[in-house]
Structures are given as C-alpha cells and as structure tokens.
Amino acid sequence: MLKSFLEIQVDKNGTEITNKSTTNNFKLFTGLKIFQQHPQLFNWTFGLYPVVTIDYQLLSTASYYEDMVGAMRLILGNTFKNHEYLAHVDNLWGLSCDIDTFIEYLDTENYPTLSEVKIKTGFLYLCKILFTYFKRKVVVLIDQYDSFVNSIVFEHNTAGKAFNLFQYINGDLFMGGRSYIQRIFCTGTLQVVFGGLLPVDQDLQCYPFLHKHQWNSFFGLTSEDVDLLLEEKYDTERDFDIKNMKDHIRKYYGGYKLIGNATDIYKIQPVINCASVKKYDTVVNDNSTDHIYDFLSSVLKYKKVKECFIKLLQDENEISIENDLALSENDFVTLQKMFSLKEYKITSNHLLVILKYLLQIGILSYKTHSASEYVLSLPNSEVKLKLKSCITESKTYTK
C-alpha cells in the first residue's frame, strides 16, 4: 500500500509520468478516505518519491549461513528488478554510477556469486542511483526485517555471522544513507535491542506490539473491524445470529490486549477464513505458527518450562515478566540452544527469554500490566488447544 501510494510512476523508458491521474496507482486511491477526506495530504505526498522495497521473507527458510547469503542475492535481485527501467536511461550512467555493477545486481541468475561486500552495500547503492536520477530522496520499505532470526532460532545457523551481516546491511542503510534517503519504514515481529538487528540511531522510532502508541490498533483486527467484516459477509435478517459468530471468533482468535486501548485485537487471516466459512462453530487453524509449536514441544521437555505452561493453562496469576521485552543477540543464541536441546540446565533467565519471545510473536498475551511487568495469559482457545497438544506429546523431562 505504501509503495503504491508514495512511488513515482514511470513509463517503460523510465520517464516520470507527470499527469498522475492517468496512473494505475492513482485509480487505487480515488475511492478511499485519504483521497476524499484529506485531499491536501494526498496532493502533497502521492507519487512523490522513488521507493525501494525490500522483502526479507526468503531468509526465514535459510538453514545455514551460506543459504542466507544465497537468499540475499535473490532478495537484492528482486529489489533491483523493480527499477529495471534505469538500465535504459543513457544519461544516468557515468563516473558516479556504473551500469555494469547495476546489471550485476539486477541479473542474479547470470551473476550467482555476487560478493558479500556487494551484498552488504547493494541497497544503499540502489538508493544512490535513484537519488541521482530523480533528484529526490528515496523512501525505503523493509518488510519482515527480522525473518533471518527464525533460521537462527529453529535451524543450524551461525548466529554471530548472521548478525554481523545484517548489522552491516542495516547500518549501511540507516547510518550511511542520510544523503539519499528520506525515510525508512520497517515491519517485523520481534522487538530487538538497538545494535542487534537495527543500528543505534537517535532518529529511529520503534512501535512494538502491545505497547501504547498511536498505531497499536493496526497490529491486527479490532472489534470494530470484525463487526464490519461480519456485516459485509452476512445478511442479519436471513443468516444466523452474528453475535454467536463474533463470540466464537473472540474465543478462538482474539484476546490480544493493547496497552492504552479499550479493545482487544484479533488474528487477521483465521478471522477472515472463519467468516468466509459461515459456520460459527468452525475452527480455522492458523498454520503460519505451526513450526513454533513443533519446537515448543521440544522445549516442554524441560521440567521448569512445562510447569510454567501448565500454570498458564490453569489460568494462574503467578507468571509474570519484566516490562522490557527487547531481545539481544545472546537471547537468540539461548533460544537456539534450548530449541535444539543443547542447553541442559534451565534457569529463570532461560525461561524469561522464552516467555518474552512467545509474547512478541503472539503465542502469549497478558492479563494486566504495570510500569514494571506483564502478568501473562494465553490469549484464546486456538492457542490453548495447540499448547495442550504440545504438553501431551512432550513426556520427557530433563534437569
């Protein structure tokens, strides 16, 4: 959405389309609130910037560091392909911009051995070229910036090398791109200490899941969103009681509390799927988290961990964690050791890291919070059913 709204539209030769009302992106927004209710904002910002989009999803399945480097080559290629038109702009290429280097990033099939140095600097290089061509600073959109952490936690990756790679890439963009970049917008799941995944930067603003800020209601569907969805899907005079459907959806997919917000939020895809089925007693599993439960089954072999989650299932108020949810590089190493059963003695700190991780990725929520702590809970029946299954399957205890 942000890409479509902000990006300068060009023709096949890379020439900017000055009449924005003729573009496909313009037609996407003409019926929406930002166009109808905020015309001045629309006119000031629509189609104004060159945009670089980076999607790190490919990294979530990289099992080894070499796989990660290979995935980064593909990610760079996908990012550069959005600006393939630049290769046909004759007056762009010269002393400051090298066409051969650009083609090497663009054509990853014919250049499968793109060096790690070029991998680390490729995104900033593209921003420089776009700034040179459009004479306007670039907006960078980074999706799933923490995807590679899944590899570290659940596979056999080398955590130190992976963190070093991304500290360099992100540092290059955030710190080295001030001359070329207007704004960087990142989305991801985990809140990680600055200097871990993201550089230490005074201008860097973080809006974590659960916390109190102006965006927290956009981390899922609100009660109002669910009402609108059901009203759109059902005719209240002919179909069954919508209240039963909403109660069912709240029970199975809601329960995520937001600090400073009166409404809970709900998981997006299962709610949409459940509403589409039109059966309020239907349970739609969210398969996107199945791998988490697979590995959680192994961690439940630790006695202290299993006891903790049994208390959560019994809805006891004893389980609380500190208010600071940020995870460090060492925390991810700890998680990897635990999930692979290489950590033999579980301490309260080990348990804290697991709980912080599961709270951030949506396996846990909280009942109450204060300035210093969260009192944890299981958010809904979907999580409870999956966790019960994990506990039943996990029978081996270690120290």
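**Figure 1. Lys-120 and the ring of Tyr-168.** In this predicted model, the charged end of Lys-120 is placed over the ring of Tyr-168, at 5.0 Å from the ring centre. The view shows the Lys-120 side chain together with the Tyr-168 ring.

**Figure 2. The salt bridge between Lys-118 and Glu-104.** Side chains of opposite charge can pair when their charged atoms come close. Here the side chains of Lys-118 and Glu-104 form a salt bridge with an N to O distance of 2.7 Å. The pair links distant parts of the chain, 14 residues apart: Lys-118 belongs to helix α7 (residues 116-134) and Glu-104 to helix α6 (residues 99-106). Lys-118 has a relative accessible area of 26% and is therefore partly exposed. Glu-104, with a relative accessible area of 18%, is buried, because the cut-off for that class is under 20%.

Figure 3. The side chains of Lys-267 and Glu-382 meet in a salt bridge at 3.2 Å, N to O. Lys-267 is in the loop between β5 (265-266) and α12 (268-277), whereas Glu-382 is in helix α17 (residues 381-393), so the pair ties together parts that lie 115 residues apart in sequence. Lys-267 is buried, its relative accessible area being 16%. Glu-382 is also buried, with a relative accessible area of 2%. A network of salt bridges links Lys-267, Glu-382 and Lys-386.

**Figure 4. The salt bridge between Lys-356 and Glu-322.** An N to O distance of 3.7 Å separates the side chains of Lys-356 and Glu-322 in this salt bridge. The partners link distant parts of the chain, 34 residues apart, with Lys-356 in helix α16 (residues 348-360) and Glu-322 in strand β6 (residues 320-322). Lys-356 is buried at a relative accessible area of 6%, while Glu-322 is partly exposed at 36%. The count for the structure comes to ten salt bridges.

Figure 5. In one of them, the ring centres of Phe-26 and Phe-35 are 5.6 Å apart and the ring planes stand at 85°, so the pair is edge-to-face. Phe-26 is buried, with a relative accessible area of 17%, whereas Phe-35 counts as partly exposed at 27% relative accessibility. One aromatic cluster is formed by Phe-5, Phe-26, Phe-29, Phe-35, Phe-42 and Phe-46.

**Figure 6. The aromatic pair of Tyr-56 and Phe-166.** The rings of Tyr-56 and Phe-166 have centres 5.5 Å apart and planes at 85°, and the pair is therefore edge-to-face. Tyr-56 is located in the loop between β1 (51-55) and α5 (65-81), and Phe-166 in helix α9 (residues 159-176), so this pair ties together parts that are 110 residues apart in sequence. Tyr-56 is buried, with a relative accessible area of 1%. Phe-166 is likewise buried, with a relative accessible area of 1%.

**Figure 7. The surroundings of Ser-297.** Ser-297 is part of helix α13 (residues 290-299). With a relative accessibility of 14%, Ser-297 counts as buried. Leaving aside residues up to four places away in sequence, Ser-297 touches Cys-390, Glu-393 and Ser-394.

Key. Residues are numbered from 1 along each chain as its sequence is written. This is a predicted model: local features need pLDDT of at least 70, side-chain atom pairs count only at pLDDT 80 or more; totals for chains, interfaces and linings use all residues. Side-chain values use heavy atoms; hydrogens and water are left out. A salt bridge is a side-chain nitrogen of Lys or Arg within 4 Å of a carboxyl oxygen of Asp or Glu. Helices (H or I, at least four residues) and strands (E, at least two) are DSSP runs, numbered from the N terminus. Buried means under 20% relative accessible area, exposed over 50%, partly exposed in between (1.4 Å probe, protein chains only). Contact means heavy atoms within 4.5 Å. Rings of Phe, Tyr and Trp (its six-membered ring) pair if their centres lie within 6.5 Å; planes under 30 degrees apart count as stacked, over 60 as edge-to-face and the rest as tilted. A charge sits over a ring if NZ of Lys or CZ of Arg is within 6 Å of the ring centre and within 35 degrees of the ring normal.
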